[in-house]
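Trainee: Can we go through this model together? I'd like to start with how the elements are named.

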2 protein chains.
Amino acid sequence: MIGRTHYCGEISEKLIGERVELKGWAQTRRDLGQVIFVDLRDRTGIVQIVANPEISAEALEKMDTVRSEYVLDVKGTVVKRDEETYNEKIPTGTVEVQVDEMAILNNSKPLPFQVDGETDVSEDVRLRYRYLDLRRPEMRETFKLRHKTTKLIRDFLDENDFLDIETPMLTKSTPEGARDYLVPSRVHRGEFYALPQSPQLFKQLLMVSGFEKYFQIVRCFRDEDLRADRQPEFTQVDIEASFMDKEDFLSMMEEMMKKIMKEVHGLNIPAPFPRLTYEEAMNRYGSDKPDTRFGMELVELSDIVKDSDFKVFANAVKNGGIVKGLNVKGVANEMSRKEIDDLADFVAVYGAKGLAWLKVEEESLKGPIAKFFSEEETAEIRKALDAQAGDLLFFGADKKQIVYDAMGALRLKFGKDLGLIDHSKFNFLWVTEFPLMEYDEDADRYTAMHHPFTSPIREDIPKLEGNPEEVRAEAYDLVLNGYELGGGSQRIYERELQEKMFKALGFSEEEAREQFGFLLDAFEYGTPPHGGIALGLDRLIMLLAGRNNLRDTIAFPKTASASCLLTKAPGEVSSSQLDELNLEIVKFEEEE
Amino acid sequence: MIGRTHYCGEISEKLIGERVELKGWAQTRRDLGQVIFVDLRDRTGIVQIVANPEISAEALEKMDTVRSEYVLDVKGTVVKRDEETYNEKIPTGTVEVQVDEMAILNNSKPLPFQVDGETDVSEDVRLRYRYLDLRRPEMRETFKLRHKTTKLIRDFLDENDFLDIETPMLTKSTPEGARDYLVPSRVHRGEFYALPQSPQLFKQLLMVSGFEKYFQIVRCFRDEDLRADRQPEFTQVDIEASFMDKEDFLSMMEEMMKKIMKEVHGLNIPAPFPRLTYEEAMNRYGSDKPDTRFGMELVELSDIVKDSDFKVFANAVKNGGIVKGLNVKGVANEMSRKEIDDLADFVAVYGAKGLAWLKVEEESLKGPIAKFFSEEETAEIRKALDAQAGDLLFFGADKKQIVYDAMGALRLKFGKDLGLIDHSKFNFLWVTEFPLMEYDEDADRYTAMHHPFTSPIREDIPKLEGNPEEVRAEAYDLVLNGYELGGGSQRIYERELQEKMFKALGFSEEEAREQFGFLLDAFEYGTPPHGGIALGLDRLIMLLAGRNNLRDTIAFPKTASASCLLTKAPGEVSSSQLDELNLEIVKFEEEE
């Protein structure tokens with residue numbers, strides 16, 4: 001302890017009678033005539049300090065000038081409070097410090113909003129005065145948790161022989177993947193660096209170098225249109241290992257998560273984590289990042305309804321699609337017709353052209369589409385969905401992906417709206433066996449679902465040439481409570497397999513060289529088997545801290561339009577700066 | 001240990017008789033007919049493996065196909081070598097592993113250069129094949145040392161209550177300081193982010209937020225013309241603390257350095273570190289980052305020669321300059337006249353218009369300028385410089401800064417050339433009491449030597465208005481062996497003092513607001529006293545690892561023209577990428 005004898009949060013009954021020196025901010029001030037109480041706050045918490053003429057007239061006089069958020073240096077004696085004045089809201093509430101000496105280190109203007117708890121000012125105001133917003137206890141605790149978690153991760157990886165190695169921020173733009181942030185070069189005029197979307201290529205090169213075990217907690221960048229849970233710059237826990245098989249790697253990651261949960265929340269989470277194949281996850285939850293904190297799984301109905309008179313269902317199946325049902329228990333009489341109809345708009349966002357539904361009664365199913373089903377079909381639907389009187393059944397019928405997306409989102413919506421989610425749960429799971437490629441209709445070719453260096457599952461390699469869409473990847477996503485925490489894979493390290501892969505992706509040899517030349521070169525010089533994962537740190541912290549918003553986990557975040565409201569970045573630059581870069585801003589019509 | 005039973009470097013006589021599994025690279029292969037020896041290398045070191053028909057014909061057959069840098073998975077038994085075949089160059093040299101089972105995990109083309117030790121290929125080739133260069137033991141050990149040192153720093157700061165908090169990479173361009181790297185915004189067309197030169201403003205904002213103790217190991221960027229010891233992106237250990245006074249802060253930093261030296265090199269370095277004021281450092285060493293591993297200090301001669309007949313000296317002093325002497329012991333008869341004359345070119349780089357010299361003989365000083373000095377002056381020069389027969393004396397006479405720069409560089413040159421430097425020494429020291437401002441002749445105003453938030457030394461505050469050039473800063477540089485490891489200061493936290501400072505710097509209120517508005521706003525809401533430091537991590541690692549080149553401490557560095565020879569960054573981007581940014585490359589004449 002330097003510059004003070006104690007932190008405010010450390011003052012306790014054990015210190016009664018001791019003289020202490022504290023430094024911090026005056027959070028609130030209560031003036032009872034000849035006695036002034038101030039709640040003094042520092043990083044650790046709050047303690048009440050008190051000035052009165054019997055202790056020190058001089059200190060009282062100074063205290064009288066103190067206003068909210070003044071910065072104080074006080075010396076005084078710890079005393080027990082009268083029992084009737086105990087403050088149970090703070091851990092130091094049974095004691096106070098009688099101030100006999102004090103200095104006002106700095107003053108403060110009145111704050112634009114209170115910083116003693118959750119605030120209801122708009123997020124824009126909070127971001128504009130971020131330095132004040134960060135004084136609120138919720139924010140302070142989130143960043144302490146972030147520090148602690150990061151430290152745990154670093155320590156764990158260090159103990160497991162991983163080396164922290166930094167990779168470049170000024171790197172090369174690649175045509176694949178999301179949009180790069182570009183950085184014009186002044187020395188090489190007309191050329192650009194790109195900020196990394198991930199250190200993927202560099203970490204694979206480090207495996208070629210023989211470092212064997214690498215990690216980095218690293219900033220990554222994507223110039224995408226932002227959603228609530230995206231930031232243009234985000235932090236990734238990037239890990240890669242040579243000579244480790246998938247099982248060993250996954251169990252090591254489980255150990256790391258167990259350690260974090262134990263140290264941060266005191267929870268013993270069970271391992272090995274459950275695993276779902278991609279196919280199973282989509283089938284049961286309509287999502288490759290299922291929230292398994294509640295049930296209400298999607299139910300496959302294609303076979304039951306494929307010959308029904310309801311053409312929407314029958315045709316969906318005929319055209320290669322599927323029909324899925326969702327049983328929302330006991331809400332049939334809670335929801336108005338309008339509320340039900342509004343859900344059609346909700347699923348429309350996911351491409352669904354409508355949302356069929358049925359109310360379950362003792363003997364029958366009721367609703368506009370009930371009449372289309374035979375008695376047998378009705379019975380089978382009831383059985384498959386375990387329907388009981390009062391339940392409300394929803395149906396999605398379309399191409400697979402649309403049904404998954406729409407019904408998966410509907411399931412989540414009901415899970416939240418009906419309070420089915422146990423927020424004390426941390427449900428980790430692995431999703432495995434992702435498709436290696438997906439067909440890109442625009443480009444009229446297959447594209448890698450992760451990236452072209454992801455290894456196929458060995459037994460599927462023969463299908464690379466004839467049925468590439470059936471090839472599963474040796475890839476794994478780590479999912480927590482419905483969020484993708486990160487994704488990893490074993491990588492291709494054999495030249496022959498890599499060539500097959502590029503061929504399946506429709507790359508000519510020249511195209512492959514042009515895009516990945518230096519990595520392909522590297523792979524010819526003794527590349528070890530390797531694989532790894534990238535975890536989203538911001539998202540992990542958000543879930544650990546129980547926040548709803550990625551921005552609450554980032555000290556100085558950007559808004560949905562990628563602006564910093566505090567520093568007003570981005571901003572204009574001088575024409576001489578642009579001249580040096582040989583750049584000119586093209587005239588454009590102002591749209592906003 | 002996963003995927004193998006041991007690392008290569010762990011094989012020792014203790015394991016004799018045990019069956020082990022190793023994975024790694026075939027470094028060298030010696031074929032003695034029916035016996036094949038391979039030096040197997042992994043991250044930890046090398047062990048000899050041997051295949052012969054008595055152990056396994058199949059393993060021998062496979063081993064026969066192994067070439068340099070093939071990736072192997074071998075199983076076998078540890079045995080003692082015959083004493084006459086001990087290899088003393090490697091720690092595992094008394095044992096070998098008799099291979100009974102092996103798999104070739106990957107093959108390798110012949111390498112463009114050897115990776116078993118120091119290499120003499122050009123640095124360009126090393127950088128182009130960086131993934132191979134990093135296989136060399138020197139490089140591997142440097143990055144292990146970097147990992148270890150970074151971990152030590154993080155652990156130390158964590159134990160001292162510092163919180164690791166990340167600050168933005170996409171921030172705002174500021175007119176002060178070095179040239180920014182710019183990042184065009186796609187959403188805000190015509191506007192730009194800047195990559196941070198340091199998180200200075202953000203870390204001060206975090207102090208306003210009440211985090212009290214912050215650190216970050218963070219990438220910073222400067223688009224400057226590169227020198228041997230500069231990189232466009234570099235890593236900084238960034239530290240800031242509230243409520244700590246300077247002495248406490250410096251001794252904490254000393255503790256950190258002591259810990260690093262102890263853990264990395266097993267050295268107990270003495271603390272507190274010596275301190276030199278800026279003035280003393282310049283006077284004695286001609287440098288604000290003196291290398292004190294050898295003496296040969298500059299000697300003040302202005303008073304002695306100010307009335308001499310040698311007009312160059314006398315006029316220098318009359319015009320407000322100084323005369324400094326340097327005694328290079330015992331080399332008078334070693335250096336030719338040409339060698340001595342060539343030194344005039346050496347100091348010319350620093351602005352010196354010539355380099356006067358004198359050879360010391362038993363009774364007299366000899367040389368072209370000897371005749372200008374009276375007997376008394378000659379005696380005083382001899383005495384001041386402690387001159388003895390055989391010494392060679394050099395003299396600088398000019399404006400202060402030119403004399404410092406030229407004679408300081410000359411001192412260093414002789415220190416190196418004459419082998420006066422003890423390379424086992426780690427001489428840490430603080431340089432303090434820097435001038436707060438320096439006069440910028442171009443701008444015709446004072447500019448802050450560090451930045452405008454550096455606090456003046458309290459007792460000098462009254463001089464801010466009349467004699468700003470005499471005001472000393474509460475700033476401190478940490479110097480190691482002639483390199484600046486980092487610089488820090490106590491910051492201004494009182495509004496009134498900040499206003500005085502801006503006034504002394506010739507800022508109008510509006511200008512100050514425009515450039516530093518959000519920070520000045522923040523400072524009005526209860527800013528604690530605070531200060532901090534930024535250490536150059538790359539440079540620290542370079543010195544700890546005994547390397548001569550910053551690039552050897554960075555996994556994927558850039559060349560002096562800010563290119564990455566491996567990835568070919570920067571590069572051209574597509575016109576659609578530029579269109580999205582509303583940018584156009586201005587036509588330019590190709591100069592290169």
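Mentor: The helices (H or I, at least four residues) and strands (E, at least two) are DSSP runs, and their numbers count from the N terminus. Keep in mind that this is a predicted model.

Trainee: Fine. Where does B:Ala562 lie, then?

Mentor: B:Ala562 is in the loop that runs between α16 and α17 of chain B.

Trainee: And what is its phi?

Mentor: B:Ala562 has a phi of about 60°, a positive value, although this residue is not a glycine.

Trainee: Staying with that part of the chain, where is B:Pro570?

Mentor: B:Pro570 is also placed in the loop between α16 (537-545) and α17 (575-580) of chain B.

Trainee: Cis or trans in chain A, going from A:Ala569 to A:Pro570?

Mentor: Cis, and omega is near -5° there. A:Pro570 sits in the loop between α16 (537-545) and α17 (575-580) of chain A.

Trainee: Change of topic. What rotation superposes chain A on chain B?

Mentor: A rotation of 180° does it, with 0.0 Å of shift along the axis and an RMSD of 0.2 Å. The two copies are thus related as by a two-fold rotation axis. The same surface serves both copies, as 99% of the contact residues of chain A recur in chain B.

Trainee: How many residues are in contact?

Mentor: On the chain A side there are 127 residues, in contact with 126 residues of chain B.

Trainee: What area is buried between chain A and chain B?

Mentor: About 11,500 Å², with carbon and sulfur atoms giving 58% of that area. On the chain A side, A:Arg43, A:Phe243 and A:Tyr525 supply 7% of what chain A buries against chain B, which is more than any other three residues.

Trainee: How many salt bridges cross the interface of chain A and chain B?

Mentor: The rule finds 16 across that interface. One joins the side chains of A:Asp223 and B:Arg186, at 3.1 Å from N to O.

Trainee: Which helix of chain A gives the most to the side that touches chain B?

Mentor: Helix α4 (residues 137-159) does, with 10 residues. By type, the residues on that side of chain A split into 59 nonpolar, 25 polar and 43 charged.

Trainee: Which strands of chain A and chain B are joined by bridges?

Mentor: Strand β23 (residues 583-585) of chain A and strand β23 (residues 583-585) of chain B are joined by 3 bridges and run antiparallel. A:Glu584 has B:Glu584 as its bridge partner in β23(B).

Trainee: Now sheets within chain B. What is the strand order in the open sheet of 8 strands?

Mentor: The order is β6-β9-β10-β22-β21-β20-β17-β11, and the pairing is mixed. At the edges stand β6 (163-164) and β11 (275-277) of chain B, each with a single partner strand, so one side of each has no neighbour in the sheet.

Trainee: How do β20 and β21 of chain B pair?

Mentor: Strand β20 (residues 475-480) and strand β21 (residues 483-490) of chain B are antiparallel and share 6 bridges. Within that pair, B:Asp477 has B:Gly487 in β21(B) as its bridge partner.

Trainee: And the order in the open sheet of 5 strands?

Mentor: In chain B it reads β12-β13-β16-β14-β15, with antiparallel pairing. The edge strands are β12 (299-300) and β15 (365-366) of chain B; each has a single partner strand, so one side of each is left without a neighbour in the sheet. Strand β14 (residues 356-360) of chain B pairs with β15(B) over 2 bridges, in the antiparallel sense. B:Lys359 stands opposite B:Lys366 in β15(B).

Trainee: Back to salt bridges. How many are found over all chains?

Mentor: The search of the whole structure finds 120. Among them is the one between the side chains of A:Lys338 and A:Asp342, 2.8 Å from N to O.

Trainee: How many residues apart are A:Lys338 and A:Asp342 in helix α10?

Mentor: They are 4 residues apart in helix α10 (residues 337-348) of chain A, so about one helical turn separates A:Lys338 from A:Asp342.

Technical notes: Residues are numbered from 1 along each chain as its sequence is written. Chains are lettered from A and ligands numbered from 1 in the order in which they are written. This is a predicted model: local features need pLDDT of at least 70, side-chain atom pairs count only at pLDDT 80 or more; totals for chains, interfaces and linings use all residues. Side-chain values use heavy atoms; hydrogens and water are left out. Copies are superposed by least squares on the C-alpha atoms of residues with pLDDT of at least 70 in both. Contact means heavy atoms within 4.5 Å. Buried area is the accessible area (1.4 Å probe) that two parts lose on being put together, summed over both. A salt bridge is a side-chain nitrogen of Lys or Arg within 4 Å of a carboxyl oxygen of Asp or Glu. Ala, Val, Leu, Ile, Met, Phe, Trp, Tyr, Cys and Pro count as nonpolar, Asp, Glu, Lys and Arg as charged, and the others, Gly among them, as polar. Two strands pair if DSSP finds at least two bridges between them.
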